[in-house]
Structure formats: structure tokens, C-alpha cells
Protein chains: 2
Amino acid sequence: MLSKNKIKFIHSLDTKKARKEENAFLVEGFKSVDEFLPSFHCKLLVATSSYFSTHPKCIADEIIEVTPEELSRASLLKTPQEVLAVFEQPFYKLDFEAPSSSLCLALDGVQDPGNLGTIIRIADWFGIEDLFCSQNTVDVYNPKTIQATMGALSRVKVHYTDLIPFIQTLHNVPVYGTFLDGDVIYQSELSPTGLIIMGNEGNGISPEIENIVTQRLYIPNYPKERKTSESLNVAVATSIICAEFRRRFI
Amino acid sequence: MLSKNKIKFIHSLDTKKARKEENAFLVEGFKSVDEFLPSFHCKLLVATSSYFSTHPKCIADEIIEVTPEELSRASLLKTPQEVLAVFEQPFYKLDFEAPSSSLCLALDGVQDPGNLGTIIRIADWFGIEDLFCSQNTVDVYNPKTIQATMGALSRVKVHYTDLIPFIQTLHNVPVYGTFLDGDVIYQSELSPTGLIIMGNEGNGISPEIENIVTQRLYIPNYPKERKTSESLNVAVATSIICAEFRRRFI
């Protein structure tokens with residue numbers, strides 16, 4: 001039995017303010033919950049009997065069994081899937097060394113929660129374990145972002161920081177950005193370590209950050225002379241760039 | 001002044017049934033409308049005075065100037081952008097020869113309208129002009145798809161057909177599909193022409209179509225031994241594959 005207050009609490013996690021105050025976030029669906037349970041602190045797990053029949057040993061501060069109707073009332077999804085769980089937001093110490101020893105991503109003002117989630121899933125696929133977000137990037141704990149990561153957020157550390165001072169602390173680290181007048185990525189030298197910056201959906205990389213990019217890249221359209229869209233979606237561009245970096249070092 | 005009936009008509013285009021009956025679809029926002037106007041038949045254009053001040057010479061069967069408030073009532077978007085337009089659905093003759101002479105895409109049951117729109121934008125970027133969709137693929141004229149194409153649909157022909165008989169008519173044409181047990185794409189021979197099939201979000205390519213794929217490809221994760229997500233988002237996978245095909249023939 002789920003109290004009205006619990007339902008209210010779960011619904012409140014749709015807003016960034018409540019997520020911050022509670023230091024918590026919501027995950028829905030058994031695939032995603034299964035990915036988070038082993039590595040994150042679960043404060044509340046709400047599920048139907050069919051979930052518990054396949055998951056008899058869940059660990060959480062509080063576990064509540066509900067009917068599918070109750071789950072529907074608590075869920076933010078149109079079609080809830082057996083379980084939802086509230087996790088504590090993890091704290092990661094900002095790792096200034098990560099871009100010297102591994103390939104990292106930075107997002108400069110990405111606004112769409114789905115794009116951020118898709119980018120996290122891409123980072124996970126390509127073994128990029130640190131993602132640095134500008135303060136004006138959408139909140140990673142937005143339920144739409146969590147949904148789009150499909151559990152990948154359990155393997156990628158997301159940090160929010162002021163990107164300019166962060167990048168300025170990096171020494172001898174290549175800082176890559178994509179620009180319409182950049183060098184064709186396939187003909188550019190790429191390093192197995194460094195920082196790749198992706199910009200905002202409408203405006204790209206901000207001028208202040210553009211100034212500290214050390215290598216300007218471009219994903220060529222095909223054929224060159226054909227009229228085409230102005231740009232690629234930011235998650236799509238991220239995937240092509242990450243794939244090319246990794247292809248070089250397989 | 002926009003009549004109640006006109007508003008009702010515009011809203012009805014959110015459903016596939018009405019779009020089919022009216023043989024029409026809705027495009028919102030000046031960037032997208034500008035891309036469609038030169039090449040599609042516009043039945044109705046509804047815009048504010050600020051739109052007409054920058055677009056004095058639009059051609060449409062019917063043109064109505066409205067206040068921003070009226071536009072809001074007609075729009076399906078939370079934040080309408082100056083203009084919406086209803087276009088006639090184009091008819092493209094199914095081109096059985098396209099995969100012999102160019103690189104084409106086929107979608108086997110893609111369900112998410114945003115994914116379809118993003119795939120059309122990718123196709124446009126990489127000069128793929130024909131997209132063949134199985135009958136159970138989401139409707140390309142869904143307003144969310146149109147929105148995600150960002151105008152690219154004006155340069156990509158989308159055909160709905162039964163994929164199996166269509167593919168069976170192709171002779172000496174490579175048919176590519178992605179599978180978790182496929183060959184690493186970077187080490188595979190790729191042709192500048194042929195058909196690339198992308199599968200459903202949850203289930204991938206259906207078994208019947210898998211049987212007629214001639215080359216099984218795989219986008220390797222990195223590093224190989226690291227635990228990762230089960231798969232990439234279908235639009236993301238499409239982009240990496242199309243980029244790799246085009247990289248070979250730049």
C-alpha cells in the first residue's frame with residue numbers, strides 16, 4: 001500500500017528543485033533499476049508482485065509491494081513497467097586528471113534531456129567514463145534523461161562544473177570541438193586521451209569555450225556539394241566522433 | 001482570424017487516421033516551413049505578422065494571418081514559432097533500382113517518431129535519398145517526426161512497403177544489417193551502393209529479414225572487455241554506420 005505522501009514524493013522528483021533538496025532521483029522500469037541497484041544506494045523501491053517473483057533479493061532502505069494500479073498512480077510514465085526506485089544522487093570528486101589519462105566528454109549547454117541521456121549511453125558504449133557538464137546543461141537526474149540512458153548512467157560519472165576554469169587547469173591535453181569550418185575528422189590527428197566538447201543544440205559551442213579549443217573538427221556531409229541540413233543532432237554528432245576516436249585505437 | 005473548424009482540422013493532423021484521410025501533414029516553425037515550401041504543395045499557411053514581414057511572398061492554397069495567441073491555440077507545440085503549415089503528402093513511385101545505384105536505408109519496425117526523424121536528418125546529411133520503411137514503422141508524417149527532421153524530409157524520399165518482397169526484387173545488391181554477432185564494421189568490405197537495414201528499438205531486425213541480409217555488421221564497443229549497455233540507440237547506430245560507409249568513399 002502506497003501512501004498519498006509517498007506518491008507525492010515520487011511525483012516531486014520530476015522537478016530539479018525537489019531532486020536537489022532530496023538529493024535523490026527516480027528510475028523506472030526493471031531493466032534500468034537492475035542496472036542501478038548493484039552500485040547505487042536505493043532509498044525506496046516500489047514494485048508489483050511480478051517484479052518480486054523474479055527479483056527476490058532487492059536491497060533498499062524501504063521496499064513496498066503494490067498493485068499495478070498503484071504503480072500507475074505513482075509512475076511518471078504512460079506505461080509503467082513493474083518497478084520504480086528512488087536512488088541517492090552519487091557524489092563524484094571532480095577528477096582533474098581524467099582527460100590526461102583517458103578520453104572524456106564535456107557538454108557546453110546541452111538542453112534536451114533525451115539528448116543528454118543518449119549521449120551518456122554513447123559514452124558508456126565507447127568506454128568514456130567521465131562526462132563534464134557546464135552548469136547550464138540540463139540536469140542528468142531529469143527522469144527523461146535517466147530513461148534515455150537505459151541504465152548506462154550507472155557506468156558513466158557525470159560532473160557539473162564551470163567548464164572554462166576546469167579546461168584551463170588541463171595541461172598538454174588536447175581539447176576537441178566540432179565546428180562547421182573545422183578540419184575533416186577523418187584526416188585529423190586524434191589522441192587516445194583528451195577532452196571532446198559538444199555544444200548546445202541551437203548555438204553550438206559558446207565563444208568563450210571555442211577560444212580554448214585546441215583542435216577544430218568537422219564531420220563531413222556527403223557528397224560535399226549536395227544541399228543538406230545545417231547540422232547534425234548533437235547526440236548523433238557525439239556518436240560519430242566517439243566512434244572515430246575509438247576506431248583509431250582498436 | 002482562424003475559425004474553430006480550421007483549428008480542429010489542424011489539431012486532427014496529430015493522428016495518422018486524419019493525416020491519411022486528408023492526405024496532409026503539419027509542419028511547424030519557420031525553419032522547417034522554409035525548407036518545405038519550395039518543394040511541397042502547401043494547402044494552408046497560418047502565421048503571425050512577424051513571419052510575413054520576413055516572408056512576403058509565400059505561396060499556398062490558403063494563407064491566414066493570425067495573432068500569436070491564435071497561433072498558440074492552433075499549434076501542437078508548447079512554444080509555437082511564428083508559423084505552421086499544412087502540406088500535401090507527396091507521392092513517390094517506389095524505386096526498385098535505387099539500391100543498385102546509390103546507398104539506401106530501410107527501417108524494419110522503428111517505433112519512436114523522434115528516432116525516425118533523427119534518422120531522416122542523418123540520411124540527408126549523408127546524401128541517402130531513399131528510405132524504405134516496413135509497414136509497421138511509425139508514420140513519417142507524425143508531427144514529432146517532422147519536428148525531429150528539422151526540414152531534412154524535404155530532401156529524403158520516404159517509402160512504405162513490405163520489405164521482404166521489396167528486398168527480394170533486388171539482384172546483386174548487398175543488404176547490410178547490424179547484429180551483436182556481426183563482423184566489426186571497420187574490418188568489413190563496404191560498397192558505395194546497397195541497402196542498410198536498421199531494426200526495431202527493442203527487438204532489432206526481425207528474423208524473416210535477418211534471413212535475407214547478405215552482410216552482418218557490428219559497431220564495436222570500447223574497450224572490448226568492459227561491461228556496457230546492451231546496444232546503441234537505433235538513430236545513433238544508423239549515424240555511425242552511415243558515417244563509416246561515407247568515410248570510405250570521400
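Predicted model: local features only at pLDDT ≥ 70, side-chain atom pairs only at ≥ 80, totals over all residues.
Visitor: Is strand S5 of chain B mostly covered or mostly open?
Guide: Mostly covered. S5 spans residues 103-108 of chain B, and six of its six residues are buried.

Visitor: Which residues sit on each side of S5(B)?
Guide: One side has B:Leu103, B:Leu105 and B:Leu107. The other has B:Cys104, B:Ala106 and B:Asp108. Both faces are covered.

Visitor: How many bridges link S5(B) and S9 of chain B, and in which sense?
Guide: Six bridges, in the parallel sense. S9 covers residues 194-199 of chain B. Within that pairing, B:Leu195 of S9(B) stands opposite B:Cys104.

Visitor: And how many join S5(B) to S6 of chain B?
Guide: Three bridges, with the strands running parallel. S6(B) is residues 130-133. There, B:Leu105 has B:Leu131 as its bridge partner.

Visitor: What unit do S5(B) and S6(B) make with helix H7 of chain B?
Guide: A right-handed β-α-β unit. The helix, H7(B), is residues 113-125.

Visitor: New topic. How many residues of chain B are in contact with chain A?
Guide: 31 residues of chain B, against 31 of chain A.

Visitor: Which elements of chain B give two or more residues to that side?
Guide: H7(B) and H11(B), the latter being residues 234-248. H11(B) gives the largest share, seven residues.

Visitor: What's the split by residue type on that side of chain B?
Guide: 16 nonpolar, eight polar and seven charged.

Note on methods:
Residues numbered from 1 in each chain as written. Chains lettered and ligands numbered in written order. Buried ≥ 20, exposed ≤ 12 C-beta atoms within 10 Å, placed from the backbone. Helix = DSSP H or I, 4+ residues; strand = E, 2+ residues; numbered from the N terminus. Pairing = 2+ DSSP bridges. Right-handed = clockwise from strand over helix to strand, strands pointing away. Contact = placed C-beta atoms within 7 Å. Nonpolar A, V, L, I, M, F, W, Y, C, P; charged D, E, K, R; others polar.
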